[in-house]
Structures are given as structure tokens and as C-alpha cells.
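Reader: Please show me the chain and its fold. Then I will ask about packing, pairing and backbone geometry.

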Amino acid sequence: MAAHRFVNLRADGSPVHLFDDKKKKIREVIWGDFLKVKKDLGDGWLEIDWAARSPTKRRTLYIRKEDTVARRPLEIIFVDVGQGDGAVLISPETGSDERIVVIDAGEGGNMRAFLAARFQTYRGFDFAAAVMTHPDSDHYLGFKDIFADPGIGFGTVYHNGLVERPVSGTWEKLGGKPVKENGASVAYIGDLATDYATIKTIFGNVGPTHLFPQVMKAALGNPKIQDICMLSAQHATIEDDTAWMPGFAPSDDRGYTIRVLAPIVEEGPDGTPALRQLGSYNETKNGHSVILRLQYGKFSVLFGGDLNEGAEKFLLQHYTGIADNKFPKPGTPAYDDMVTKARDTFRSDIMKSCHHGSEKVTDAFLDAVNPAAFIISSGDEEGHIHPRPDLLGRLGRFGRGGAPVLLSTELQRSSRAMENKDSVDALLAGIDKLAAGTLSQDKVAEADWDHFSLPFDRAREMLDGLLDWRAVSPWDFRKGLGYQLRGQDDYQDVFQLRRFAMGKHKDWKPYVAHILGFDHKLIEDYYSKLEELEDKKAIAQTVQAELGGSVDDLSKIEGILLLKQKDADKKQQLLDAFDFREQDKDQTEKLVEGINSRVAELNARRYSLNQARRKIVASLEEDQILFKPDQAEKLFIEVGILFSGQIKKDFSQLIAFNRTITEERRGYLQEERSEVEAELKTVADELDDLGKRRSGVLGFLSSTDVFAKYKQVTDDLVTLRADIAAFEKQRGFLRRLQELRAEIRALTEACVHLQSKIESNVESQNTDKASLFSVIRVYFSEIVEEVLAHKALLSVSSNANGHLEFRAEILDEKGKATSADLGHTYRKLLCIAFDLAVLRAHLQDRFPHFVYHDGVFESLDDRKKANLLKVIREYSELGVQSVITLIDSDMPPRVEAKVPVFAPDEIVLTLHDEGDEGRLFRMKAW
């Protein structure tokens, strides 16, 4: 009986469960789940050692043996990462043969959470590979926390060769704008990061200001990540002119393979490997996604990355041998022939749809892949509107069979198919109608609109003017709206809303400072200068890396250039005059003064080293202890010496001590011998090289062949000019580095100056009792004290780095900060108090006068609920309109038994599940 088995797939597709006593279902398990078998009970049941989340929290459960298999299936899990891509491939093997590959990780923490839930209880986190298909944050950013965890390892981290450097701009991030040869129609990006050393040079010392560099820095800092390199159709394992992912080629004999189809590396204008420009910056980095095709028996899967129209056309032409600018027109024999040929490469049973279901794909590529099922990975809390409706119809047209399967991580999350099959069927039917163009939609007549078909920016400006919230200027109404609409996720921090959680300080701190009465312009200027400073430092690091370990003294470079230029001019004059007597003289001087003197020095050094080696060898041979305690003890007994045993012991200890010292000395001598022999080899090599050079010089002097001398001088001149070009390039780098250092000094001084101004502004607002901030902090403390019977402190200070620190704390009776605000309930109260205090302080300004708080009374006891409701009503009387939501169980206590807590005119909407009237906006159920 094997110690491990796996959950089987039932023929009828019905769910499989674990039981606690062979009768009561405890939890559902899915096909491929790992099972640790404790015992085969012999009655058709297996006893399982189950750990759902933690390896230390295990329990004994039971499963029918017929619902298990001994062999692991091939698993491909398309993880719900929200907007973005994330997939996990688990090979159909067990133990040390098992291979796990993570292909993209989305933008948030979903992938990391999935890996923990799936693997920590039975195998740990040593994975075969991670693949970042291209540098878009919704594909790579989820890897940041994964790579930063030293407990999670990958054999290799692969990327597509285009890495975003820590600099500003677009093409500059990839190393510079695409370059094309004169008259060519295609431009190329040649600065590819192909290996670990290049990645370390670029990202080894990056700062905290850019996303992609932070991910790469985390990978470099993880001791369990063995390699980071480019994966392409040319940077792969090549067998039979086909590119395979290393470790997954046919010769690895695993029963399955992973082919690398893209990116396609070509020869750039300078003859180095390069990737062609495929349109805009984003189109190019997306279009060069790493494209993989898994083959397992007759089953195949294509991972489509973020390919777009330009990339798909290029791949179709590349794999079918069609020249650039010759893409055939649809409906022509050439087009049909291209699709037929392309199917040999791309046709797959399942396709991870390109770019989250974007409509910017080609019919030809969809037709070439011709899958039976499409996987669309997208999110429902973003503005991309993926998958696009027109794409859904095209997928149905070009998929295999009469009804190809469409699976979307967004729909799967939103519809919860396992819980309400009827609702999902209705939803899918609606999608079918929409794809076919038969779904009816109610429309508002154009005449009923005040403004019709306005561009988005114009509509936003118009709404901003109608609201006239000039007190939040220079921001528009959308910036501050988040602080008037607090959902549950916005109670995590009083000042930093959820939508700013992944952003930079400059995205929210200036606005918060402004509504609290501080000088936001100083803070904006500071962050702008700081960002510019970090960019300049990153560029300086890149320039310094280009210099490598070469000379970094500009004065020395200028001197070397002067001397080499004089030598070049002199040799050019010799060539022009066809007179080599001066060259003969120079060669003689070089021979006498240079080579011979160096040979003499090296011979003297070799003699000295040989003498030292002989002494060391002699010392190693002499280290012998001839005194033998056993023979001495026998002699002592024969002559009648008392305490002979003690004397022997003392001698033995002395010998042991001597041996210890001797062994240590031998170690030092052997180490010194190795160093001497290494230096002797170096000296011998240099003497050999000098001998060859001496022969060459003598050959030149003795030669009567003028043309041979002409060739020799010409070669010397070419070498000199190459050296001059290299030093001139180095001089350019150094001048740029000097400029950057000057700019960095100026920006640093500007940041320090702004820090000083910010500190002065903060101090003045804190000390002025009539300042807007002082007013807000008084209101804030009053609200908290009214609800909790504790004072609270709102504070703003500037830290050592010049950043504003905002704090909201609950105080004890002695006025000291407590940890009470760390709990969710009290932190939510602080958020509510902050919002109300800010609104009250701005009542006389053109500022929002309303606030929405979700679940306002959750987790509060009755006394605090009553106190908070009292505050909300008082603020409503002042002119602050509170909109709150609550459920029946969170209702504050009644003041009088027969009087409801809320009067009918205070209730905007009552929601319930007793009919459509109780639904939000009266929306009908699916």
C-alpha cells in the first residue's frame, strides 16, 4: 500500500468528500488533491492524515478507496488573481520527480496565498521554475512577496529579456529607444538581459521607487533562487531545431514537454541578439510575452501571455516562412495556407486567451490555435472591461467544435457556479445572446440627455464645475471622494485608503495634508524632487556599471588619450613617409628598456620564490616527534624512578600540545606553499609571454621585408585607434557621471531645503491653536471621547526622511497612547471620527458636506452604538450629511420600547430578500 494517493475524478463528475466517521461529510476535495494514507482499512475505506492549511494542525479523516488513484494527474490551475494572469503547472509525477512551474502571479497576494494553501502541508515550497511572461505589473508584481520569502525557492526565474530598469520614461526603461538600420522598416531593442550577471548588475542595488526592479531585487536576495535568465525561442534547450523549456525537452524523457514559441530573438543592427519593435512601448513588451505550449500525450495547452495583433502576425509569419510586410489577406488561398501551416505549431486543446480577453487579437491566430476550450484570466474590479463582448463571439467562431468551452476567472468568481447552477446557466445564456447580438438593451433617447456623447475628460471637467468643490483644488472631485465613501476595506487605515495601498506617498499624502491645513505644494515639490533624485541615482548607477572596474579618473583618462593620440599620429606619419627607421629605434628601446628589464625582474623573483618553496618543503619534512613515552616509561621503571606513570602522562600531554601546534604550523606552511606555487606559475606564464614578445620584436628588427613592417605598423595603429575609441567612450561616460553627480548634489540640497520648509510648516500648524489642523484635532478628540469615553490624538509630524507621518491614537487617562486603535472596531471609529471632524472644519468652504460609512455599528456594544448615533445626529444638525448602512442585528438599542430607533424619514432604503422591491436599484435576480 503506497503512503500517498491522489483524489480521483468520478465518471459522473459528482464531488468527492472526506468523512469523519465514514458517514458524515467533512469537506469536499478535488481531483488531484494529495492524500497521506495512514492505513488501508480493508473495507473499501482509507484512513487519511489530513492537514488542510497548517502542517501542524492534522486530523484523521476517511475516504472511499475507489475515489483515489495511485498516480498523480497533470494539473494546471488558473488561479483567480483578479486583473492579471497566474497559473500553476503541477507535473504528473511524485516525490523528487515532481515539477511545479508558476507562470505569472498577478498583481496582489492571491498567488502567494494559493501556493501556501496548496503546498505547505505536504511538500514545502521548492519549485522548478517561475515564469514572468513580460514586464506588466498585473503579471509580475505578485511575485514580489513570493520572492522576498526565503522559504520559497525556484530552480530558475525566467523572463522575456525585456526588463524595466529603475529610470523614468518608457523606452529608457528597456535600455533605450529601438534602433533601425538605414532604410530598414523594422527597429530593434538590443539591450536584452539574458543572464544572472546582467540582472545583478542592473538591479543589485536599486532603490524603492520602481515596481519591476523591486521584484528582481527580491529574487536576487533569495538564497533559494538558483538562477535568473531570459527564456525565448533562442534562449532555451534546442533539440531538432526546436526550442524547449530547460528540463522539459523530449530528451528529458518525462512523458510530457514544454515548447518555447516566443519571444523570437533576431539579429539587431549591430549584429547582437535583439527583439523587434511591435508598435508602442506597451504593445512591444506585451507582444514579446513568453509563449509556452505544453504537450502531454495527445493533450496540449497554449499559454498565450499578452500577445496582440502585431505580435500574432509576426509569429504566424515567422513559423510559416512568410516575409515581412507580406501578411496575406483573409479569404485568399495564401491566408488559408498560412493558417493550415501555423496549426502544426500552435494548434492546442486549451488556450489561455491572450491579454485577458482583449479584442486586439487576430482571427488568423485564433484559427491556428483552434482550441476546444478558452481560459480567460481577468478581474471584475478594474476598468479594462475584459473579456470584451466582441471577442466572445470570435472565440465561439474559431474554437473547435460547435460549442467550444469558455472559462473566465472573473465569471467563476462572480457567479459561484457550484452554489447556484440555475443563476449561472441564466448568465451564460445572456452571454450567448450578447455574443450573437440578440440581447435587447434599454436605451435613453438622445433628446433626454442634457449633454450627449461628451468625451470622458470633458464630462469630468463639467461635473467638477457643477459640484464646485473648490476647497479641494488643485485636485478634482474624484480625488477626495474616497474619503466621503468609506467601504469596509477603507477602515484599515485612517488616512491611506485602500485604493492608495499599492501606490506611492505622493499619490495621497499631499491631498491629506491639504485638507488638514498644511502646505501641500511643499510636499508635492518634495516628492517630485525626491523622485527625480532617485531616477538620477539609478541612471548614475547604470553609467557606473557601464564603466565597470575601469579607470574612473577623468584627468587620467585625458592624459592617456593625449599620449595614445600622439603615438597614433607618430605611426601615421611613419606610414605616410614609408620610413620605418624610427620604428626600428622604438622597437630597440622597447626591447632593451622594457622587455629585458622585466625579464630580469621576473627571473630574480622566480629565484626568490624557489628558495622559499625549498625551505617550506624542508620544514614540512622535519616536523617529526622522535620521543616515545612508552619506551621512556620502561626505562624509568628499570632504573627505579618514582612516579614514572605521572612523568609519562606529563610527557604525553607535552607531546599532544606540541602536535597541536605542529599541525597548526603545518596548515600555515601548506597554505603558504600553495600561494608560492601559484605565484611561480604566474611568473612562468608572464616570462613565456615576454619571450614571445621579445621574439616578435627581434623578428621585426631583423626583417628586411618593408611590406611586413608596413603591415606591423598598420596593425599597431589599428590597435591604438581602438584603444582611443574605447577611452573616448569611457570619457563620455565619466563626463555624464560628473554631470549626474552635480545634478544629484543639487537635487539633494533642494530636498533638504524643502524638508526644512515642511518641518517649519508642520510646526507652525501644530502650535497655532486657531489653525485648521488644530480645529480638526479638537473635533476628532471630542467625537472619540463622546463614543468611547477616551480622548484621542490626531498628530502630524515630519520624519527623518522628510516624509509626513499621520497618526490617530487613543489615549489613556495619563495622556499616553494605547494599542486600542490596532483593533478593527476602534480603528473604524477613528476613521469615522476623522471624516466627520474634517467635514465639520470645512463646513464654511466649498467642500463635500456628506459622508458614507458602511457597517457603521458592527461589533460595537449597545452603549457605544447609542453614543455614536447621537454624534451622527448632532453632526447632521450642523450640516454634515451622514449616510450609513447597517443590518438588523447591528441596530442601536431603542430609547423607548415602542419607538423605533430610526424615524421613517431617516431611512433612505430598506433592503430585503422577499422580492425584487427589496433589491438594490430593484435589480432582478439572475
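Reader: What should I know about the model first?
Author: This is a predicted model, where local features need pLDDT of at least 70, side-chain atom pairs count only at pLDDT 80 or more, and totals for chains, interfaces and linings use all residues. Residues are numbered from 1 along each chain as its sequence is written, and side-chain values use heavy atoms, with hydrogens and water left out.

Reader: Which residues does F495 touch?
Author: F495 is among the residues with the most contacts inside the largest core. Contact means heavy atoms within 4.5 Å. Leaving out residues up to four places away in sequence, the partners of F495 are Y483, W508, V512, L794, F806, R807, A808 and F834.

Reader: How many residues are in the second core?
Author: This core is separate and includes L307, L315, V361 and A368. Its count is 46 residues.

Reader: Which residue is the bridge partner of V16?
Author: Helices (H or I, at least four residues) and strands (E, at least two) are DSSP runs, numbered from the N terminus. Two strands pair if DSSP finds at least two bridges between them. Strand 2 and strand 3 pair in the antiparallel sense over 4 bridges. In strand 3, the partner of V16 is V29.

Reader: Which residue in the turn of this hairpin has a positive phi?
Author: The hairpin has 5 residues between strand 2 and strand 3. With a phi of about 70 degrees, the residue is K22.

Reader: What is omega for the cis peptide bond of S473 and P474?
Author: Most peptide bonds are trans. P474 sits in the loop between helix 13 and helix 14. For the cis bond joining S473 and P474, omega is about 20 degrees.

Reader: Is D240 buried or exposed?
Author: D240 is not a glycine, yet has a positive phi of about 55 degrees. It lies in the loop between strand 15 and strand 16. Because its relative accessibility is 75%, D240 counts as exposed.

Methods:
A nonpolar core is a set of buried Ala, Val, Leu, Ile, Met, Phe, Trp, Tyr and Cys residues joined through side-chain atoms within 4.5 Å. Buried means under 20% relative accessible area, exposed over 50%, partly exposed in between (1.4 Å probe, protein chains only).
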